[in-house]
Amino acid sequence: MNFNEYQQQCERTANRATSDPFKFLTEKALGIIGEAGEIGDYLKKVLCHGHPMNTEKLKDEAGDLMWYLSTTLTTYGITLEEVVEHNIAKLKARYPDGFSEEASINREV
């Protein structure tokens with residue numbers, strides 16, 4: 001499955017029936033924050049508390065985060081494919097020779 005197919009599948013459960021677009025987007029924004037926090041908390045437990053890594057748990061949380069991001073982007077007519085292509089172009093401009101600490105400190109973009 002590619003990003004665009006994924007984004008289309010997310011719409012099946014996006015529940016856009018609300019008459020209040022602000023409420024819809026607020027739910028998605030808070031969902032992004034909440035799921036990112038769940039990923040962070042899970043990694044804290046693995047890295048700092050000695051829990052074993054469960055990649056299925058990490059995939060579950062990352063999938064939830066992607067769903068909220070996908071439905072938010074769709075609201076504005078932006079595809080996930082556009083986002084990842086834009087991100088790679090930005091990183092290539094920022095680090096044309098790849099990442100280095102020196103390039104990070106002295107970057108212009």
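Helices here are DSSP runs of H or I with at least four residues, and strands are runs of E with at least two, both numbered from the N terminus. In this predicted model, the pattern along the sequence reads α-α-α-α-α.

The overall dimensions come next. For 109 residues the globule rule gives 13 Å, whereas the radius of gyration of the protein is 17 Å, well over that value, so the protein is more spread out than a compact globule. The C-alpha trace spans about 50 × 40 × 30 Å along its principal axes. Of the 109 residues, 17% are buried, where buried means under 20% relative accessible area. The accessible surface amounts to about 8000 Å², and carbon and sulfur atoms contribute 57% of it. Among contacts with a separation of 6 or more, 61% are between residues 24 or more positions apart.

Helix H3 can be followed in more detail. This helix covers residues 55-75, and its 21 residues should span 30 Å at 1.5 Å a residue; the end C-alpha atoms are 30 Å apart, which agrees. Which residues of H3 are buried? They are Glu61, Trp67, Tyr68, Ser70, Thr71, Thr72 and Leu73. The cover over these buried residues includes helix H1 (3-10), helix H2 (21-48) and helix H4 (80-94).

Conventions: Residues numbered from 1 in each chain as written. Predicted model: local features only at pLDDT ≥ 70, side-chain atom pairs only at ≥ 80, totals over all residues. Heavy atoms only, no water. Rg over C-alpha atoms; globule rule 2.2 N^0.38 Å. Buried < 20%, exposed > 50% of the residue type's maximum accessible area, 1.4 Å probe, protein only. Contact = heavy atoms within 4.5 Å. Areas by Shrake-Rupley, 256 points an atom, 1.4 Å probe, with all protein chains shown as cover. Expected span 1.5 Å × (residues − 1).
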